[in-house]
Amino acid sequence: MWYNKCVDLLTVSVTARESAGEPYTLVEIAGEADVTNTDELRRLLDEEVSQQPRTLIIDLSGLRFMDSSALHALLRVNRALDRQGGVLALVSPQPAVAKILRLTTADRLIPVFGSVAEAAAG
Amino acid sequence: MAKPRGANLRDSKRPPVSRFPGPDGDAPVPSLPSPDPDDPMSYSYTTDLAAIRAVVHRYAVQAGLTESRAIDLTLAVSEVAANTIKHAKSPGSLKIWYDAKEIVCQIRDEGVITDPMAGRREPSLDAQGGHGLWIVNQVCDQVEMQSDENGTTIRLHMNLPRRGAGQ
């Protein structure tokens with residue numbers, strides 16, 4: 001575990017990094033992500049993006065809720081990775097999170113997988 | 001968020017929105033009817049969105065919404081309350097009431113929405129914001145919005161399943 005950063009109800013953990021020789025970078029987001037903690041979420045994700053991973057996997061299995069502010073943070077990561085030749089993948093959204101991904105069609109833009117292993121296999 | 005209450009809009013000279021969407025279209029009405037029932041549940045909030053979501057979800061399930069629709073209503077209220085945090089300079093208030101037919105969440109704050117189409121257009125995924133009120137309009141059965149220089153009131157309605165309908 002590289003770090004485990006908790007802001008109010010949101011916990012962001014980086015459990016694998018390409019820059020440390022792992023096959024992908026894995027970020028776990030848990031709790032509730034909304035406008036009150038989006039700045040911190042964006043900052044932590046930007047740190048990972050700046051290391052230019054080819055595959056960034058975000059595990060959402062512990063995330064109970066995500067609002068449109070947090071969604072924009074994910075879309076921003078997707079755009080940044082796209083520009084630098086990387087890929088973003090999402091894993092295991094709970095129903096409330098799956099709903100906002102579907103409503104906004106973000107799930108057609110960013111691939112969503114049932115497990116980290118599937119996401120890693122592409 | 002979609003500029004519903006962005007500073008540029010707040011400062012614009014356009015008249016504020018007064019809208020009451022319904023079967024006849026978006027005919028403006030002078031005011032919303034006073035909140036119904038007997039003693040609606042009332043909450044004031046500043047940045048405690050998680051607490052607001054917990055309350056809404058609890059009442060939504062208690063009123064008889066399915067889990068999936070309770071999640072929808074929770075998301076909608078959270079998005080509206082997030083607008084308060086982003087654009088209004090004062091706390092917001094939430095009232096919840098329900099009867100046999102519907103559950104209603106009314107959110108009021110001192111922000112001003114001047115775009116009559118706020119939340120009615122689907123924003124691009126490349127947009128920097130704008131999904132909040134659009135999502136609200138997608139998941140709720142009816143959205144009423146009234147805004148003037150004194151603030152904004154948004155009412156979200158969700159129809160309840162008919163009892164005994166095998167729900």
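This dialogue walks through the fold of two chains and their contact.

Q: What kind of model is this, and how are residues numbered?
A: This is a predicted model: local features need pLDDT of at least 70, side-chain atom pairs count only at pLDDT 80 or more, and totals for chains, interfaces and linings use all residues. Residues are numbered from 1 along each chain as its sequence is written, with chains lettered from A and ligands numbered from 1 in the order in which they are written.

Q: How many helices and strands does chain A have?
A: Elements are DSSP runs, numbered from the N terminus: helices are H or I with at least four residues, strands are E with at least two. Chain A has 5 helices and 7 strands. Along the sequence they read β-β-β-α-β-β-α-β-α-α-β-α.

Q: What does the radius of gyration say about chain A?
A: The radius is taken over C-alpha atoms, and the globule rule is 2.2 Å times the number of residues to the power 0.38. For 122 residues, a compact globule would come near 14 Å; chain A has 13 Å, which agrees. Along the principal axes, the C-alpha atoms of chain A fill a box of roughly 35 × 30 × 25 Å.

Q: What share of chain A is buried?
A: Count the other C-beta atoms, placed from the backbone, within 10 Å of a residue's own: 20 or more means buried, 12 or fewer exposed, in between partly exposed. In chain A, 45% of the 122 residues are buried.

Q: Is Ala30(A) buried, partly exposed or exposed, and which residues is Ala30(A) in contact with?
A: Ala30(A) lies in strand E3 (residues 25-33) of chain A. Ala30(A) has 18 C-beta neighbours inside 10 Å, so it counts as partly exposed. A contact means C-beta atoms, placed from the backbone, within 7 Å. Leaving aside neighbours within four places in sequence, Ala30(A) is in contact with Thr11(A), Gly62(A) and Leu63(A). Ala20(A) is 10 residues from Ala30(A) along the chain, and their C-alpha atoms are separated by 23 Å.

Q: What is the element order in chain B?
A: From the N terminus, chain B runs α-β-β-α-α-β-β-α-β-β. That gives 4 helices and 6 strands. Of its 167 residues, 43% count as buried.

Q: Is Gln62(B) buried or exposed?
A: Gln62(B) sits in helix H2 (residues 49-63) of chain B. With 12 C-beta neighbours inside 10 Å, Gln62(B) counts as exposed.

Q: At what angle do helix H3 and helix H4 of chain B pack?
A: Axes are lines fitted to C-alpha atoms, for helices over the stretch in contact, and angles run from 0 to 180 degrees between N-to-C directions. Helix H3 (residues 67-87) and helix H4 (residues 132-139) of chain B pack at about 150°, with axes 9 Å apart. H3(B) and H4(B) are therefore roughly antiparallel, a label for angles over 145 degrees.

Q: Which residues of H3(B) and H4(B) meet?
A: H3(B) brings residues including Asp72(B), Leu75(B) and Glu79(B). Those from H4(B) include Leu133(B), Ile135(B) and Val139(B).

Q: How many residues does each chain give to the contact between chain A and chain B?
A: Chain A gives 21 residues and chain B gives 21 residues. On the chain A side, helix H2 (68-83), helix H3 (95-103) and helix H4 (106-109) each supply at least two.

Definitions and conventions. Contact = placed C-beta atoms within 7 Å. Parallel < 35°, antiparallel > 145°, perpendicular 65-115°, else oblique.
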